[in-house]
Amino acid sequence: MGGTAVVVGGGIGGLAAAIGLHRIGWEVTVVERAPVLGDAGAAISLAANGLRALDALGVGGPVRQAARGQYAGGTRTPEGRWLARMDGAALERAVGAPIMGIPRAVLHRLLREALPAGSLLIGREAGPVRQIAPGTVRVDLGDTVLDADLVVAADGIGSTVRGGLFPAHPGPEHSGSTVLRALTERPVDLDTDFELTWGRGAEFGHIALLDGRAEWHAVLTLPAGTRFADPLGEVRRRFGGWHEPIPALLDATRPDAVLHHDVHELRTPLPGHTAGRIALLGDAAHAMTPNLGQGACQALEDAVTLAAALGAAPDVETALARYDAERRPRSQAVARAARHAGRMGHQLSRPLAVALRNTAMRLTPSGAAVRMILRHHDWSPPRLS
């Protein structure tokens with residue numbers, strides 16, 4: 001079965017979906033509202049499930065070459081005491097790959113390069129998406145329309161397509177946290193590949209990248225809309241007294257490189273990830289907190305599962321029913337786990353609760369920690385036919 005598809009949204013999930021559809025013989029157009037692809041963003045961690053999805057899409061090799069394996073690190077207290085060590089080699093033995101860190105801009109470029117020339121429309125705002133006939137969905141682009149056999153809504157957490165399909169759904173909700181993040185301007189001498197440091201109501205973490213630079217993030221428990229005149233200065237004020245390499249990471253960062261976003265999630269699960277011949281994908285379907293590093297990986301799983309279903313089913317409706325049945329339970333379970341991880345991590349602020357959490361982490365055997373990670377990382381993609 002082949003056909004025509006419009007993907008609304010040219011982020012990681014949207015591009016991956018377009019690659020998958022193209023690989024099974026569909027004609028695909030990606031509509032991205034950004035007028036210039038500035039490759040914004042810091043860096044991203046890809047677990048084994050995300051890497052396997054990229055392998056199924058045919059881009060796993062280039063991504064691995066551009067990424068750095070996260071082998072050594074773990075979780076610490078602000079004073080530098082280790083709560084838990086991460087054994088990337090053990091994780092690699094268990095699922096075939098460690099967690100890998102890659103700049104978002106590099107991953108985005110590699111995905112774009114895997115698409116046929118001319119399949120990406122930038123600077124085009126997708127208006128209403130409507131099914132105008134049993135087999136036709138129309139995307140309004142203002143001065144023109146695109147008709148297709150299928151529309152994939154990968155337009156992010158604030159998805160307008162989702163809002164049109166499920167007007168009674170409450171939409172994204174603030175998680176209670178805000179995150180500031182940046183890439184360092186220059187390489188930083190690091191003893192570990194990956195660290196999280198949990199303080200009272202706050203978290204600081206970093207991942208090392210292939211070129212020696214690093215991505216860092218600072219999470220604060222604050223009301224939505226909180227902003228700072230000097231974001232880097234505020235991070236220094238709150239975290240500058242924490243253990244090394246945190247001060248060194250901040251010293252290697254330009255003030256104008258700091259990104260600041262409130263963390264929102266779809267706390268209320270959607271009743272479905274499809275409606276008619278429209279499929280929701282990635283954050284549009286299951287936006288989650290970043291505490292497990294699974295947001296992009298789940299979008300990549302979506303992309304492969306959708307393409308595999310369309311390649312194997314006799315018609316679009318059957319394929320979308322299979323996609324929804326396979327993806328909705330898993331992605332919503334991962335979202336719940338991510339929310340729980342946040343509550344047990346940076347959102348803890350009471351001293352007794354923090355002390356109990358820290359003691360439990362120090363007493364947890366490393367093998368048990370690896371098994372907990374495997375619940376989310378150990379996923380095998382369906383074959384694309």
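**Exercise 1.** Describe the surroundings of Glu-301, starting from the polar contact that its side chain makes with the side chain of Arg-330 (2.7 Å).

*Solution.* A polar contact is a pair of N or O atoms within 3.5 Å; within protein, one must be able to donate a hydrogen and the other to accept it, and residues adjacent in sequence count only if both atoms are side-chain atoms. This is a predicted model, in which local features need pLDDT of at least 70 and side-chain atom pairs count only at pLDDT 80 or more, while totals for chains, interfaces and linings use all residues. Side-chain values use heavy atoms, without hydrogens and water, and residues are numbered from 1 along each chain as its sequence is written.

Helices (H or I, at least four residues) and strands (E, at least two) are DSSP runs, numbered from the N terminus.

Then take the accessibility: Glu-301 is buried, with a relative accessible area of 0%. Buried means under 20% relative accessible area (1.4 Å probe, protein chains only).

Last, list the neighbours: leaving out residues up to four places away in sequence, Glu-301 touches Asn-49, Ala-53, Arg-327, Arg-330, His-376 and Trp-379. Contact means heavy atoms within 4.5 Å.

**Exercise 2.** Which strands pair with β15?

*Solution.* Two strands pair if DSSP finds at least two bridges between them. Strand β14 (residues 194–199) pairs with β15 in the antiparallel sense over six bridges, and Glu-203 is the bridge partner of Trp-198. Strand β16 (residues 214–221) is also antiparallel to β15, over seven bridges; here His-206 stands opposite Trp-216.

Definitions and conventions: Buried means under 20% relative accessible area, exposed over 50%, partly exposed in between (1.4 Å probe, protein chains only).
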